[in-house]
Amino acid sequence: MKMGKYYGEALILACVLFCGLMPAQVFAENESDVYLVLENYTWKEFSGGTRLLKEAGPLFGVGFAYQFKFRDEVTLKPGVEIFVGSVDYDGAPNAGGLFKTTTDYFGLKLQAEVGRRFALGKAFSIEPIAGIGLRAWMRDINDGRAEDGSPADGHNEEWVTLHLRLGVRGGLDLSNASALFAEVGLKVPLYNESTRYVANGGLDDQVTMHPGKMVSLFAETGLKLRTFRISVFYDGLRFSESDVEYNSSVGYYQHESRADIYGIKAASTF
């Protein structure tokens with residue numbers, strides 16, 4: 001599948017970024033996070049302001065992040081996360097009638113951020129951050145039945161979005177062993193791609209579309225207590241309608257799409 005190509009490119013990009021910064025400074029302190037994620041995931045598609053479908057349900061993930069801390073308060077934080085889940089689907093397949101089924105998800109998130117920490121007093125710090133992120137996932141809409149009981153075919157999709165991450169992170173030390181932290185920012189899309197397999201969900205025929213670029217938000221806040229970290233977060237995805245792409249004289253396009261992801265993350269820090 002094509003997604004493997006993007007995973008490799010993103011990993012290479014992260015390695016190049018890391019290697020480019022390595023000679024600049026000597027590390028003062030490094031920190032690793034291994035974490036579990038539970039997400040409340042909602043995906044909606046629209047046409048002319050009318051909602052065509054809605055997917056909603058839980059996704060589960062596991063991830064690893066490594067923060068390099070330099071002596072001049074510059075930080076570099078690459079990370080990787082894998083997520084899976086099956087959510088409820090309520091909508092219309094292609095031009096068919098309304099039907100209900102489930103959608104299976106499997107995906108990968110990669111990101112790397114650079115920041116510069118500024119101390120504001122003894123306990124508070126603020127850190128502007130900038131980076132790059134990639135989110136890629138497979139979306140398998142299962143076969144189901146329409147309202148009249150007739151069978152309705154699902155299909156498979158692959159999605160890739162590459163974006164800049166621009167924001168600010170803050171921290172408040174409560175004691176030597178505990179701290180509050182928060183971050184908020186914008187995701188600015190650089191590249192979006194959606195590939196739909198159109199031969200009854202098979203992999204022998206496909207059409208690739210490029211959903212439009214829309215800025216979205218991310219935010220997270222939580223508590224660190226010794227080597228344990230727990231947080232709640234929001235992550236958004238926004239895509240405007242794509243141009244029409246043709247396959248065997250049939251036109252396809254991706255509708256305006258939105259995802260809202262609320263979740264909780266529990267991490268072990270070492």
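Modeller: A strand, as the word is used here, is a DSSP run of E that holds at least two residues, and strands are numbered from the N terminus. In this model, which is predicted, Arg229 is found in strand β14.

Biologist: Why is the pair of Arg229 and Glu31 called a salt bridge?

Modeller: The closest N and O atoms of Arg229 and Glu31 are 3.0 Å apart, and the term asks for a side-chain nitrogen of Lys or Arg within 4 Å of a carboxyl oxygen of Asp or Glu, so the pair is called a salt bridge. Arg229 lies in strand β14 (residues 228-240) and Glu31 in strand β1 (residues 27-47), so the pair ties together parts that are 198 residues apart in sequence.

Biologist: What makes Arg229 count as buried or exposed?

Modeller: Arg229 has a relative accessibility of 14%, and buried means under 20%, so Arg229 counts as buried. For Glu31 the value is 12%, and by the cut-off of 20% Glu31 therefore counts as buried as well.

Biologist: What does Arg229 contact, and which residues are linked with Arg229 in a network of salt bridges?

Modeller: The network of salt bridges links Arg229 with Glu31, Asp33, Lys69 and Lys224. A polar contact of 3.2 Å also joins the side chains of Arg229 and Asp33, a value that lies within the 3.5 Å set for such a contact. Leaving aside neighbours within four places in sequence, the residues in contact with Arg229 include Phe181, Leu223, Lys265, Ala266, Ala267 and Thr269, as well as Glu31, Asp33 and Lys224.

Biologist: How many salt bridges does the rule give, and what makes Asp235 and Lys187 one of them?

Modeller: The count comes to 21 salt bridges. In the pair of Asp235 and Lys187, the closest N and O atoms are 2.8 Å apart, which is within the cut-off of 4 Å, so the pair meets the rule. The pair links distant parts of the chain, with Asp235 in strand β14 and Lys187 in strand β10 (residues 178-197), 48 residues apart. Asp235 and Lys187 are both buried.

Biologist: Why is the pair of Glu220 and Lys265 called a salt bridge?

Modeller: The closest N and O atoms of Glu220 and Lys265 are 3.8 Å apart, and the cut-off is 4 Å, so this pair is also called a salt bridge. Here Glu220 in strand β13 (residues 216-225) and Lys265 in strand β17 (residues 256-269) are 45 residues apart, and the pair links distant parts of the chain. Glu220 and Lys265 are both buried.

Biologist: How do you know that β14 pairs with β13, and in which sense?

Modeller: DSSP must find at least two bridges between two strands, and β13 and β14 have eight, running in the antiparallel sense, so they pair. Within this pairing Lys224 stands opposite Arg229, and the strands form a hairpin with two residues between them, where Arg226 in the turn has a positive phi of about 60°.

Biologist: Which other strands are joined to β14 by bridges?

Modeller: Strand β12 (residues 212-213) pairs with β14 in the antiparallel sense over two bridges, which meets the requirement of at least two, so this too is a pair. Lys213 in this pairing stands opposite Phe239. There are 12 bridges between β14 and β17, which run antiparallel, and the bridge partner of Val232 in β17 is Ile264.

Biologist: Which residues line the largest cavity, and what is its volume?

Modeller: The largest cavity has a volume of about 60 Å³, and the structure holds one cavity of 30 Å³ or more. The lining includes Thr161, His163, Lys187, Pro189, Gly236, Leu237, Arg238 and Phe239. The elements that give two or more residues to this lining are β9, β10 and β14, and β14 gives the most, with four residues.

Notes: Residues are numbered from 1 along each chain as its sequence is written. This is a predicted model: local features need pLDDT of at least 70, side-chain atom pairs count only at pLDDT 80 or more; totals for chains, interfaces and linings use all residues. Side-chain values use heavy atoms; hydrogens and water are left out. Buried means under 20% relative accessible area, exposed over 50%, partly exposed in between (1.4 Å probe, protein chains only). A polar contact is a pair of N or O atoms within 3.5 Å; within protein, one must be able to donate a hydrogen and the other to accept it, and residues adjacent in sequence count only if both atoms are side-chain atoms. Contact means heavy atoms within 4.5 Å. On a 1 Å grid over the protein atoms alone, a cavity is a set of points where a 1.4 Å probe fits but cannot get out, and a pocket is an open set with protein on both sides within 12 Å along at least five of seven lines; lining residues have an atom within 4 Å of a point. Grid points are joined across faces, edges and corners, and a volume is the space filled by probe spheres set on the points.
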